[in-house]
Amino acid sequence: MRRQNPQEKNPFREDLTMQHANVLRAMPIHTVKCASDLDTSVPQHLQRISISDLKLTSDCVQRSVKGEVVQKGPVVSSRQREHMLKAAIQDKDTSINVIFFGTLAKDFSQTVRQGDIVLLSGFTISKSPTEQTDRLHPCLLEMRCIDACVHVYSSFVSAGPAVVSSESRYTYVPLSELKPSRIVNVYGVVTFFKQPFPTKGTDYCSTLKITDQSDAKVSCTIFSERLDDHPKIFRIGDIIRLHRVKTQVFNGSMTLLTTLGWSTVTFDGMTDSPIEPRSSSRTFHFGESDKRAVEALRQWAARQIPATEPTVPLSSVQTKMFFDLTCQLLAKASIDTRCILLKVWDGTKCPHPMLNVAVAPDALEGEAKTSLARENMIANVLVYDNHVEGASKLKPGMFLRLFNLHAVAQRASEESADCVSPLSFHLHGGTSYGKGLCVIPSESPELQPLKRLLESHAAIASEDIVNDVTLLEAWYTPPETLGEELNKDFYTVRTCEHTVQQVTLAHVKRCTTPVVCHVRAKVKSYQPQNLYQCLKLFCPQCTALVEVPNDEVIARVFQDALRGHQPCSEHWAVTSSMDSISMHVSCEMVLSNTHTQLLFLQGVTLEEMCVISAAQSNVVPVRSEDGRMRLLDFSAPFLFRGDKRYYGCKQCSRSTFVEPEVCGVEIWDEHNVAKALGVQLMQYALLMKFELEDETDSLEALIWEDAERFFHVSAADTSACQDSQDKVQTTVDRLHPPGSSMAQCPWLDLCLCTYTVEENGKIQVCYQITNTETRGNFYTPQRDQLSCG
DNA sequence: GCTTAGGTTTAG
């Protein structure tokens, strides 16, 4: 390092001093070629003492200790103090801290590796200041005086009971044979794990539980401030190797804890899959013996742990369940600081309708194909709290495993059955039950079936961009064979023949009028809120659109007609009277025997009219004026047909009453009655305004010309028939469930016409929903429950 | 500066 900085003073001075010192002293570190040399080639005057026998009061002159280097820290230097290096050596059951000072610290750092066997002499004994925390030996060895000497053998061969081979420098202790306060190397099969989570300290913590052929189960706690250093565990059954972890008894159970210099490597646990070590370190040791150890654990685990479904595909998800999901990220969007939305898929179709969380288009990173959402293939995952940090680093296209996802039905009320409630997926805050998420490398063998499935779907999805209209229709129109749950639910279909591609609302707004567009949107709000107000009267002649008069207004017209009540006589009619009520029928119709079909009624109130007309086919209320027959004011219906009422246009109807033209009419209905009377019949129409919204924009669209097809009712029926009114109400409730969020509203495929109208000299762009029909379940929620069972 | 957590469900 110093050589890289020629400006610095005395660049070589320290090195020269070191070399000089080494020459003057006895070499402090001796390497031996054979383990037995540690016992034979060291000075004979040194007497061996076992670590466990060391005491503060022990005489350490002419004594030596031998042990494996189980910890080796870095050389610590400061201006005030000489160089230091802390290590720990272990002999049988006991580990003791050793501190090397000065040049010895540097030499030890360069010459000795963890796992080496050392023989130390010339040490002094002091009290260990870290006994309470590291639970190692109460004493500490200090290697500082001029006599301090290290003999090292660095090609250790284990005689232990473990998974070793001749080339291995490591001994692996069976989990059942772990002793307290030892630094050990272990292999194990993961039976539980949590993704790393931040601690209250400086590190992230991974907690896991492992087992091995000895059948002992041991919890492990791994601390590291670098996320990348944590074990890359993707699922239960993975195999983990831990080096230099410390045993510790907690709550009566053996646990493993990372210590200085720990390391880890993990492997897929599936038998027959390639043994690829997963590690952030490029320098980990991995040889044939490790392959054998992994394979042995795989074989053992395959027999021990019953084959369990590793993760649950969307096609198997049930409401309320907690499950692990392996998937690909399509898009993500931040909801707020404590919540992030992930749109994911795994190539399977969920049997339940899936909640689509709508977010502003500019907030969405990545693209979620709407065609997939339509097929229940996109899961909307809401990631909360402590998981937001990790989720925000994800990029669309990544493969993920989400642990302990919660499938939540959106509507939890008693009234709505689960079968129609859209599912959302929550990764709740906290780490219990392993809640968390991880990225799985794309090349991971276990991902290959998933990737093949996604690719096959992606191929289909890309074809619809080829503008093949037939395929487009097939893709966007829910086929009858689709999941029954979806068919029970509510959706719309376009009935037009337009060969146009689906566009966004933002696109529609940019189009020049007039144009026909296909869109996919939700109903954010609607007007009028009182549905009786959506029924209008429309004159096809002058295009006047007026409200349907209420009974109060109509009754007044009848009262006005009664006021100047006088008999009237018309040459074309025969009249019969009873009290103040007169009935007129056409003479010509009497002759053609159709007179029962059309009755003119004079001198009745609205109530009486309703009673009488209920049993008649066509009744026209009339009044007399100067002895002549007149129709009532057009504020009242000019015709009552059963329970239906028909109105004439004030503008377009003949103002004077003339002899009805009855010739040639055999069956009388509202049209030929109107024609015979010179009345311009007004049509009933349903008119509503929907506020439509998609990911890109919102706009207000009218539905009226095709409203009857949309609602599957006749507007005239809704004027009189309760069932038809209920049907409109139910449909509107399905479009926008009362009190619901946008997320709960169904996506609608709509055909939209744009046009301009001029009003008060201003040109305004209007949108109208045409050629669209609602489909699905129109029953009320109460009935719905029955049908869902 | 040398701890942190120590499996066991949010409540959106």
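Start at P528. This proline sits in the loop between strand 25 (515-527) and strand 26 (535-538). Look at the peptide bond leading from Q527 into P528. That bond is cis, with omega near -5 degrees. Keep in mind that this is a predicted model. As background, most peptide bonds are trans, and most residues other than glycine have a negative phi.

Follow the chain to T543. T543 lies in the loop between strand 26 and strand 27 (545-547). Its phi is near 60 degrees, positive in a residue other than glycine. Is T543 buried or exposed? T543 counts as exposed, because its relative accessibility is 52% and the exposed class begins over 50%.

D385 also has a positive phi, about 50 degrees, and D385 is not a glycine either. Find D385 in the loop between strand 19 (379-384) and helix 7 (388-392). D385 has a relative accessible area of 30%, so it is partly exposed.

Now the overall picture. Chain A has 789 residues, and 49% of them are buried. Its secondary structure comes to 19 helices and 40 strands. What share of the contacts with a separation of 6 or more joins residues 24 or more positions apart? In chain A that share is 64%. The accessible surface is about 38,700 Å². Carbon and sulfur atoms hold 52% of that surface.

Next, the aromatics. The whole structure contains twelve aromatic pairs. Take Y172 and Y187. Their ring centres are 4.9 Å apart, with 55 degrees between the planes, and the pair is tilted. Where do the two tyrosines sit? Y172 is in the loop between strand 9 (149-153) and strand 10 (183-193), while Y187 is in strand 10 itself. They are 15 residues apart, and the pair links distant parts of the chain. Both Y172 and Y187 are buried.

Here is a second pair, F323 with F425. The centres are 5.7 Å apart and the planes meet at 75 degrees, so this one is edge-to-face. The phenylalanines are 102 residues apart, F323 in strand 16 (residues 322-336) and F425 in strand 21 (residues 423-427). Why do both count as buried? F323 counts as buried because its relative accessibility is 3%. F425 is buried because its relative accessible area is 0%. The cut-off for buried is under 20%.

R144 lies over the face of F101, at 3.7 Å from the ring centre.

Last topic, salt bridges. The search finds 32 of them in the whole structure. D39 takes part in a salt bridge with R48, and the closest N and O atoms are 2.5 Å apart. D39 also forms a salt bridge with K66, at 3.5 Å between the closest N and O atoms.

K66 counts as partly exposed at 23%.

Then there is K509 with D697. Their side chains meet in a salt bridge, 3.4 Å from N to O. What does this pair tie together? K509 lies in helix 11 (residues 505-510), and D697 lies in the loop between strand 36 (688-693) and strand 37 (698-703), so the bridge ties together parts 188 residues apart in sequence. K509 counts as partly exposed, with 39% relative accessibility. D697 counts as partly exposed as well, with 27%.

One network to finish. R374, R494, R520 and D749 are joined by salt bridges that share partners. That's my tour, and I'm happy to take questions.

Technical notes. Residues are numbered from 1 along each chain as its sequence is written. Chains are lettered from A and ligands numbered from 1 in the order in which they are written. This is a predicted model: local features need pLDDT of at least 70, side-chain atom pairs count only at pLDDT 80 or more; totals for chains, interfaces and linings use all residues. Side-chain values use heavy atoms; hydrogens and water are left out. Helices (H or I, at least four residues) and strands (E, at least two) are DSSP runs, numbered from the N terminus. Buried means under 20% relative accessible area, exposed over 50%, partly exposed in between (1.4 Å probe, protein chains only). Contact means heavy atoms within 4.5 Å. Accessible areas come from the Shrake-Rupley method with a 1.4 Å probe; for residues, only the protein chains shown count as cover. Rings of Phe, Tyr and Trp (its six-membered ring) pair if their centres lie within 6.5 Å; planes under 30 degrees apart count as stacked, over 60 as edge-to-face and the rest as tilted. A charge sits over a ring if NZ of Lys or CZ of Arg is within 6 Å of the ring centre and within 35 degrees of the ring normal. A salt bridge is a side-chain nitrogen of Lys or Arg within 4 Å of a carboxyl oxygen of Asp or Glu.
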